[in-house]
Amino acid sequence: ILRDMTPFKETEEALHQSHAKLREHAEAMDTLNSTLRESEGQLAKELGATRQLQRVGALLIEGGDINALCQNIVNAAVAIMGSDFASIHMYHPERGERGELHLLASHGFDPQAIEFWEWVRADSGNTCGEALRTGQRAIATNVEACDFMTGADAQAAYLQTGIYAAQSTPLISRSGDLLGMISTH
């Protein structure tokens, strides 16, 4: 006896459609879970940066060790910017024609890099020198192709250290005087 197979085929088609929708929902859940994990990671990073800033604030209020304060500022810059390297320099206007920057604290630098960037002049061919020369933030998005670095010893020092992009921001007092420079790389 042959029966009409239409109800069976309709049921089978409905089952395939249900499975397809279930797969779509599972993929959507995977995407949401991935996004949630990324958001949790970003929040953890921001919490770490906030804690660094709290430590800096506490050290400012306590007025204690200037070296510890500078190191905490550099560590906060690394946490906030997500950088591999950072430094803070103090401006010494009495040194040279345009003054010089003296390295106070750094993060990620090897001893040779610390020695190389201990003192920075306006004509140094690095982002600190460029910011000192112009009075504005200096950015090198590609150290290998940066105009103001081309041929400078600083360019080779950046690359040897593993720095391929850098920025330096002048630290200015309320009265408009240059105090120093903070850089992330």
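How many bridges join strand 5 (residues 166-172) and strand 6 (residues 178-184), and in which sense do the two strands pair? They pair in the antiparallel sense, over six bridges. The model is a predicted one. Its chain has five helices and six strands.

**Chain overview**

- The chain has 185 residues, and buried residues make up 33% of them.
- Read from the N terminus, the elements follow the pattern α-α-β-β-α-β-α-β-α-β-β.
- Among contacts with a separation of 6 or more, 46% come from residues 24 or more positions apart.

**Strand pairing**

- Strand 1 pairs with strand 2 in the antiparallel sense, over seven bridges. Within strand 2, serine 106 stands opposite serine 87.
- Strand 1 also pairs with strand 6, again in the antiparallel sense, over five bridges. Methionine 90 has glycine 180 of strand 6 as its bridge partner.
- Between strand 5 and strand 6 there are six bridges. Leucine 178 in strand 6 is the bridge partner of isoleucine 172.
- Strand 1 is mostly covered, with six of its seven residues buried.
- In a regular strand, side chains alternate between the two faces of the sheet.

- Glutamate 100 sits in strand 2. Is glutamate 100 buried or exposed? Its relative accessibility is 12%, so it counts as buried, the cut-off being under 20%.
- Beyond its neighbours within four places in sequence, glutamate 100 is in contact with Met90, Tyr91, His92, Arg95, Trp119, Val120, Arg121 and Leu132.
- Alanine 105 is also placed in strand 2. Alanine 105 counts as buried because its relative accessibility is 5%.
- Setting aside neighbours within four places in sequence, alanine 105 is in contact with Cys70, Gln71, Val74, Ala86, Ser87 and Ile88.
- Alanine 105 and methionine 90 are 15 residues apart in sequence. Their C-alpha atoms are 9.7 Å apart in space.

**Two further glutamates**

- Where is glutamate 97 placed? Glutamate 97 lies in the loop between strand 1 and strand 2.
- Glutamate 97 and arginine 121 are 24 residues apart along the chain, with 9.2 Å between their C-alpha atoms.
- Glutamate 130 belongs to helix 4. Glutamate 130 is buried because its relative accessible area is 15%, which falls under the 20% cut-off.
- Not counting residues up to four places away in sequence, glutamate 130 touches Ala122, Ala138 and Phe148.

**Cavity**

- What is the volume of the largest cavity? The volume is about 50 Å³.
- The lining consists of Ser87, His89, Phe109, Trp117, Asn126, Thr127, Cys128, Tyr158, Ser183 and His185.
- Strand 1 and helix 4 (127-134) are the elements that give two or more residues to this lining.
- By class, four lining residues are nonpolar, six are polar and none is charged.
- Serine 87 is the residue opposite serine 106 in strand 2.

Definitions and conventions: Residues are numbered from 1 along each chain as its sequence is written. This is a predicted model: local features need pLDDT of at least 70, side-chain atom pairs count only at pLDDT 80 or more; totals for chains, interfaces and linings use all residues. Side-chain values use heavy atoms; hydrogens and water are left out. Two strands pair if DSSP finds at least two bridges between them. Helices (H or I, at least four residues) and strands (E, at least two) are DSSP runs, numbered from the N terminus. On a 1 Å grid over the protein atoms alone, a cavity is a set of points where a 1.4 Å probe fits but cannot get out, and a pocket is an open set with protein on both sides within 12 Å along at least five of seven lines; lining residues have an atom within 4 Å of a point. Grid points are joined across faces, edges and corners, and a volume is the space filled by probe spheres set on the points. Ala, Val, Leu, Ile, Met, Phe, Trp, Tyr, Cys and Pro count as nonpolar, Asp, Glu, Lys and Arg as charged, and the others, Gly among them, as polar. Buried means under 20% relative accessible area, exposed over 50%, partly exposed in between (1.4 Å probe, protein chains only). Contact means heavy atoms within 4.5 Å.
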